[in-house]
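Please look over the sequence and the structure below before reading on. The report that follows takes up a few residues and elements in turn, and then turns to the chain as a whole.

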Amino acid sequence: MPDDPGRGGEEPSGRVLPVPAAAERHRWARVTALNWRLFVVRVLVSGVAVVVTVAAIPGLGFVGWEPGQFGLVAVTYALLSALVKPALEFLALRFLVATYGLVVIVINALLLYVLAQVLDDVIVYDRLWQLLLGGAVVGAVGLLLETAVGATPPVLDQTPSEPVS
């Protein structure tokens, strides 16, 4: 480990310095904890991901779709993702690790199922495989959109001022 205080490691006094990536994640968590704009962006991303998924997968559909229902779908799915998904991921943690994350598709499909049950007059599905395919698509679209709008925490172990080598 280098002795540069900005890169982690140990000071001459013996005090262990934080790893930059962990410190950046901690800073990101503090900044985003009370950021209402980020919450709104994530709700909109969730809504767009569900609408794109339902439009793209045959067998998933909207019943009497009106533009005003976008907010209802977005807020409902965002609340399910924020409250139910972490609990399901915790309960399925053993399988999540064993299947290299494929259980996330099943969890997303389960969230789409719950969304269809809660909003039974808005979203319908025909078969189980359409929910599973929808779980994969909603996860991929959500990931791409959150990355595109900057709603995900930084992953790199370098600050933007450092040149990439």
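L44 counts as partly exposed, because its relative accessibility is 44%, and a residue is called buried under 20% and exposed over 50%, with partly exposed in between. This value, like every other in this report, was computed from a predicted model. An α-helix has 3.6 residues a turn, so residues three or four places apart point the same way.

Helix α2 also holds A49, and here the picture is another one. A49 is buried, because its relative accessible area is 1%. Once neighbours within four places in sequence are set aside, A49 is in contact with V138, V141, G142 and L145. The C-alpha atoms of A49 and V137 are separated by 8.1 Å, although the two residues stand 88 residues apart along the chain.

Helix α6 contains G139, which counts as partly exposed because its relative accessibility is 29%. From C-alpha to C-alpha, G139 is 7.2 Å from I105, while 34 residues separate the two in sequence.

| Residue | Relative accessible area | Class |
|---|---|---|
| L44 | 44% | partly exposed |
| A49 | 1% | buried |
| G139 | 29% | partly exposed |
| Y100 | 79% | exposed |

Which elements do the buried residues of α5 pack against? Helix α5 spans residues 103–118, and with its 16 residues it reaches 22 Å from its first C-alpha to its last, which is close to the 22 Å expected at 1.5 Å a residue. Within α5, the residues V103, I107, N108, A109, L111, L112, L115 and A116 are buried. These buried residues pack against helices α2, α3, α4 (93–98) and α6 (128–149), and also against strand β4 (123–124).

K85 is found in helix α3, which runs over residues 69–91, and, not counting residues up to four places away in sequence, K85 touches L80, I107, N108 and L111. Of these partners, I107, N108 and L111 are among the buried residues of α5. K85 is itself buried and yet has no salt bridge, since the nearest side chain of opposite charge, that of E89, is 4.3 Å away, whereas a salt bridge needs the charged atoms to lie within 4 Å.

Between α4 and α5 there is a loop, and Y100 lies in it. Y100 is exposed, because its relative accessible area is 79%, and it has a positive phi of about 55 degrees although it is not a glycine.

Finally, the chain can be viewed as a whole. The secondary structure of the protein chain comes to 6 helices and 4 strands, and from the N terminus on these elements follow one another in the order β-β-α-α-β-α-α-α-β-α. Of its 165 residues, 28% count as buried. The protein chain exposes about 10600 Å², of which carbon and sulfur atoms supply 68%. Among contacts between residues at least 6 apart in sequence, 64% join residues at least 24 apart.

How values were computed
Residues are numbered from 1 along each chain as its sequence is written. This is a predicted model: local features need pLDDT of at least 70, side-chain atom pairs count only at pLDDT 80 or more; totals for chains, interfaces and linings use all residues. Side-chain values use heavy atoms; hydrogens and water are left out. Helices (H or I, at least four residues) and strands (E, at least two) are DSSP runs, numbered from the N terminus. Buried means under 20% relative accessible area, exposed over 50%, partly exposed in between (1.4 Å probe, protein chains only). Lys and Arg count as positive and Asp and Glu as negative; His and the chain ends are not counted. Contact means heavy atoms within 4.5 Å. The expected span of a helix is 1.5 Å times one less than its number of residues. Accessible areas come from the Shrake-Rupley method with a 1.4 Å probe; for residues, only the protein chains shown count as cover.
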